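Please read the points below with the structure open beside them.

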Amino acid sequence: MITVHHLNNSRSQRVLWLLEELGLPYDIKHYQRNATTNLAPPELLQVHPLGKSPVITDGDVTMAETGAIIEYLVERAGGTLRPGAGTPEHRRYIYWLHFAEGSAMPPLVMTLVMGRIKKAGPFFVKPIARRIADGVLDSFVMPNIKRQLDFMEAELTARPWFAGYEFSAADVQMSFPLEVAAVRGGLGARYPRLIDFLARIHARPTYQAALKRGGPYGILR
């Protein structure tokens, strides 16, 4: 039996959703972030040496990293939600499967880090911290986020799903950076295709089932 070691408000929500899409039976072991630090609890170190989520166990198999978990689960389900090898759709599938964490997430994580830097330290240091953080955000982070969102918007203008005309596990992977962008960067009227993408995935019964099983879900701010 697959067990998802599920941390609240984390990337592991995608794993629950994928399992619902694939129809694979699974159990959930819940973990709660530290209320002060927002870090994962030390109990996760007993599952994987990095002590982070997502991580799954399946018999004697332990898998971490969302992309690796997705590939493992899709393979376990017989290739469901994966375009056929050698096709343009499969090449796009592989690209977006890795783009989500490799390119999309780093600048979005930086918005969280810079936001916390602006609030940290004694009161007489905060104005300096704010200027430094705002400089990094304005000159590097936000332009990168905008460029990536423009690119994703164009891709979904050409086709309804990231890999092509059929929903795939790449869409599950891409859901998290777009959820984060909607909360932190704001999508607004400039990105109607991305907003529509989020609305369509939120309406999927499997997405709703994963929310019901996983519990309340939010994005760290």
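1. Gln 13 touches His 6, Ala 210, Leu 211, Gly 214 and Tyr 217, leaving aside residues up to four places away in sequence, where contact means heavy atoms within 4.5 Å. This is a predicted model, in which local features need pLDDT of at least 70 and side-chain atom pairs count only at pLDDT 80 or more, while totals for chains, interfaces and linings use all residues. Residues are numbered from 1 along each chain as its sequence is written, and side-chain values use heavy atoms, with hydrogens and water left out.

2. Gln 13 is found in helix H1, residues 12–22 (helices are DSSP runs of H or I, at least four residues, numbered from the N terminus). Gln 13 is buried, with a relative accessible area of 5%, since buried means under 20% relative accessible area with a 1.4 Å probe, protein chains only.

3. A search of the whole structure finds two cavities of 30 Å³ or more. On a 1 Å grid over the protein atoms alone, a cavity is a set of points where a 1.4 Å probe fits but cannot get out, and lining residues have an atom within 4 Å of a point; the points are joined across faces, edges and corners, and a volume is the space filled by probe spheres set on them.

4. The largest cavity holds about 60 Å³ of space, and its lining includes Gln 13 together with Arg 14, Trp 17, Glu 179 and Tyr 217. H1 and helix H5 (169–185) each supply at least two residues of that lining, which divides into four nonpolar, three polar and three charged residues (Ala, Val, Leu, Ile, Met, Phe, Trp, Tyr, Cys and Pro count as nonpolar, Asp, Glu, Lys and Arg as charged, and the others, Gly among them, as polar).

5. The second largest cavity has a volume of about 40 Å³, and Leu 108, Gln 148, Leu 149, Met 152 and Leu 178 are among the residues that line it. The largest share of this lining, four residues, comes from H4, and by class the lining has eight nonpolar, one polar and no charged residues.

6. The largest nonpolar core has 52 residues, and those with the most contacts inside it are Leu 73, Leu 149 and Met 152; such a core is a set of buried Ala, Val, Leu, Ile, Met, Phe, Trp, Tyr and Cys residues joined through side-chain atoms within 4.5 Å. The largest share of this core, nine residues, comes from H3.

Definitions and conventions
Buried < 20%, exposed > 50% of the residue type's maximum accessible area, 1.4 Å probe, protein only. 1 Å grid on protein atoms, 1.4 Å probe; cavity = no way out; pocket = protein on both sides within 12 Å on 5 of 7 lines; lining within 4 Å.
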